[in-house]
Amino acid sequence: MSVDRRVRALLEVSAQDLLAVRLLAAAKNAVQFAAGGAEVDATSPSLKVIADHIRACTFTVTDGVIPGNEGRGYVLRRIARRAIRHGYKLGARRPFFHALVAPLVDEMGEAYPELKREKLRVTEVLKQEEE
């Protein structure tokens, strides 16, 4: 593998890692706040689940799906509730999941402008599902 290819591969991985690190940090902060300030283990796999699921839920709601009892809406509901359950395992006792929409939009809004347009609606939909 040439040096140029290695550098490009590292840069691509670095950009993906940076997004993951920022989302994990946002998830940790949101769960800590919802847990009343209790310390959250930064290496917990539950934070990775929450970060991954906020991405899936945000993009799904942006595409027009709302939580429901059948079809795509049911899948969205299950994904959101799984993330919320992982937050609960970390000590969160107040709604936190919807607060992760803003950091996600900050990170990915340039590449996906529809996220910026739908930010408030997505936040409201996820907050309603969480409560």
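This is a predicted model: local features need pLDDT of at least 70, side-chain atom pairs count only at pLDDT 80 or more; totals for chains, interfaces and linings use all residues.
I started just past helix 3, where G91 has a positive phi of about 115°.

**Overall layout**

I counted elements next. The chain has five helices and zero strands, and from the N terminus on the order reads α-α-α-α-α. I then looked up burial and got 39% of the 131 residues counted as buried. For contacts between residues at least 6 apart in sequence, I noted that 66% join residues at least 24 apart.

**Helix 3**

I went back to helix 3, residues 71–89, to check its length. With 19 residues at 1.5 Å a residue it should span 27 Å, and the end C-alpha atoms are 27 Å apart, so the two agree. Its buried residues are G73, L76, R77, A80, A83, H86 and G87. I also looked at Y88: the charged end of R93 sits over the ring of Y88, 3.8 Å from the ring centre.

**Aromatic pairs**

How many aromatic pairs are there? I get two. One of them joins F59 and Y112, edge-to-face, with 5.0 Å centre to centre and 85° between the planes. That pair links distant parts of the chain: F59 belongs to helix 2 (residues 45–62), while Y112 is in the loop between helix 4 (101–108) and helix 5 (113–130), 53 residues apart. I checked accessibility for both rings. F59 has 21% relative accessibility, so I put it down as partly exposed, since buried needs under 20%. Y112 is partly exposed as well, at 34%.

The other pair is F96 with F97. Their ring centres are 6.3 Å apart and the planes stand at 80°, so this pair is also edge-to-face. Are these two buried or exposed? F96 is at 2% relative accessibility, so it counts as buried. F97 is buried too, with a relative accessible area of 0%.

**The core**

F96 and F97 turned up again when I looked at the largest nonpolar core. It has 30 residues, and those with the most contacts inside it are V31, I50, F96, F97, L100 and L126. Which elements give two or more residues to this core? I find helix 1 (3–34), helix 2, helix 3, helix 4 and helix 5.

Leaving out residues up to four places away in sequence, I50 touches A27, V31, A83, H86, G87, L90, F96, F97 and L100. A83, H86 and G87 were already on my list of buried residues in helix 3, and V31, F96, F97 and L100 are among the residues with the most contacts in the core.

**Helix 4**

The buried residues I noted in helix 4 are V101, L104, V105 and M108. Looking down the helix axis, I see the buried residues fall within an arc of 100°, so they line one face of helix 4.

**A loop residue**

Last stop was A38. Where is it? A38 is in the loop between helix 1 and helix 2. I get 36% relative accessibility for A38, so it counts as partly exposed.

Conventions
Residues are numbered from 1 along each chain as its sequence is written. Side-chain values use heavy atoms; hydrogens and water are left out. Helices (H or I, at least four residues) and strands (E, at least two) are DSSP runs, numbered from the N terminus. The expected span of a helix is 1.5 Å times one less than its number of residues. Buried means under 20% relative accessible area, exposed over 50%, partly exposed in between (1.4 Å probe, protein chains only). Rings of Phe, Tyr and Trp (its six-membered ring) pair if their centres lie within 6.5 Å; planes under 30 degrees apart count as stacked, over 60 as edge-to-face and the rest as tilted. A charge sits over a ring if NZ of Lys or CZ of Arg is within 6 Å of the ring centre and within 35 degrees of the ring normal. A nonpolar core is a set of buried Ala, Val, Leu, Ile, Met, Phe, Trp, Tyr and Cys residues joined through side-chain atoms within 4.5 Å. Contact means heavy atoms within 4.5 Å. The arc is that of the directions from the helix axis to the C-beta atoms.
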